[in-house]
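Before reading on, please look over the sequence and the structure, and keep both in view while following the paragraphs below.

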Amino acid sequence: MLPPELEEEILSHLWNDTKALKSCALTRRSFRNPAQKLLYSEISLWFFSLEESTTSTLVDILDANPQLRHYVRRLEIIDSFREWLLNDSFILRVLLLLDNLQALVIESRPEDDSRYEDIAWPDSFLYTFLTIIHRSSLESLSMTDLPLELIKHGQHLTHLAVRQLSSQSLPAGSCTSCTEKLGLDTLDLPGFISPELVQLLPDVIQTERIRNLQAYTSGEIEEHHALWEILRPCAGRLKTLAFAPCEESDDYSAKEDPIVWSAFTSLRCLAIRVDFATGHADKEYEWPQRWEEFECYTWMFKVLDQLSSSNQCLEEIFLFLHFNIGKEIHYGDACYLWSKSIALVLDKSRFPCLKRLDAYFIDSTWFMNEFLLDCTKQLKHSQSQVNIQLYEFHSKFRRVSSDFMWSEVLPMLAWGDSSIDDI
């Protein structure tokens, strides 16, 4: 008979094999508890209509097996259609029963962002959120329509992902004792947030203590101004930064960008996404100038230039490049700029400590791969001291999500990647 700790170690290797864990739980009594700990460590509730809701069944299970409540470390609630979350009478009971949660995700953003409207949370939800966010076990919170006033009550949080900020007030009688700012380690801003609300975050967060930050901006350069108010106090101590610039990431924004990239002197990991296009796969656009569509590279070159002037400890770089080339005449220009980007990153005089480069191609046309791989092949083999990985994605028949790169930045991109190791 094996010691219990050894059995738990063996079963831990099956952490993502639900079928095997269920079989183990039924095989022998000593396997039951460790298998259940893994089976119930994460619960994801994806609902498409109220009729398909399984929260009532989950409540029955948790009531009948109190020990399972303590096993759940992460709860993910996804309601992209917004048809059930506010109407499910059992969802609040589930939230309150799970008294040992470490991570809570509530995603209620519709798939079509153009139909986005802020949720007005009922008081019953706000009171429940207050109860959960006060718990010492909760370390990570990711939420759409997060009321700004709620943030200051998460004094035990180390990771906060703000999908959409809300100016909704908390109900009367709410806690008034939480007045200190949060000391977060990681701040994630993966979706569009109004600059006005972003500028209020320093009122509830000690931005100077942030060590890891992810941010996706869209629209105009004003969003960079709002983000810089958060980045400025922590720039010199930031370790990881994942960033997608606004749609104005062109020659103009490169000059007007308020973010001082030379301030990131301690940065060890950088992830950047840029887009350039001459048209969509099914439609051509006539540009007045041939190079206009590639001006996003001007912004990226500025970022790398400023970083290399002051940062001597950058070890990892992730590049996400979304290609949407409508004319074959532009392939040469795209490949030249891509080759220049890689050469700039791999220049040891600029980034002497670089150990890893991951390049992700998001190709909307299916025609770019051969060109891009050819111009990278020689660089890959000439830089043996740097671990270079190349990945390709095809998005011709599907929309590339604006926040696709934020699923798991480190490690990155859990979905659909194809690694190219032998070019």
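A residue is called buried when its relative accessible area is under 20%, exposed when that area is over 50%, and partly exposed in between. Aspartate 347, in what is a predicted model, has a relative accessible area of 28%, and therefore counts as partly exposed. Its salt-bridge partner is arginine 350, with 3.6 Å between N and O, and arginine 350 is likewise described as partly exposed, at a relative accessible area of 24%.

Side chains of opposite charge can pair when their charged atoms come close. The structure as a whole holds eight salt bridges, one of which links arginine 69 to aspartate 63, where the closest N and O atoms are 3.5 Å apart. Arginine 69 is partly exposed at 21% relative accessibility, and aspartate 63 is partly exposed as well, with a value of 32%. Another of these pairs brings together the side chains of arginine 74 and glutamate 76, at 3.5 Å from N to O. Here the two partners fall into separate classes, because arginine 74, with a relative accessible area of 28%, is partly exposed, whereas glutamate 76, at 17%, lies under the 20% limit and so counts as buried.

Aspartate 145 is found in the loop between strand E4, which covers residues 140-143, and strand E5, which covers residues 146-147. Its phi angle is near 55 degrees, a positive value in a residue other than glycine. Although aspartate 145 sits in a loop, it is buried, with a relative accessible area of 0%.

At the surface, finally, Leu2, Leu6 and Ile10 form a nonpolar patch with about 250 Å² of accessible area together.

Definitions and conventions
Residues numbered from 1 in each chain as written. Predicted model: local features only at pLDDT ≥ 70, side-chain atom pairs only at ≥ 80, totals over all residues. Heavy atoms only, no water. Patch = residues over 30% accessible without salt bridge, like charges linked within 9 Å, V, L, I, M, F, W, Y side chains within 5 Å. Areas by Shrake-Rupley, 256 points an atom, 1.4 Å probe, with all protein chains shown as cover. Salt bridge = Lys/Arg side-chain N within 4 Å of Asp/Glu carboxyl O. Helix = DSSP H or I, 4+ residues; strand = E, 2+ residues; numbered from the N terminus. Buried < 20%, exposed > 50% of the residue type's maximum accessible area, 1.4 Å probe, protein only.
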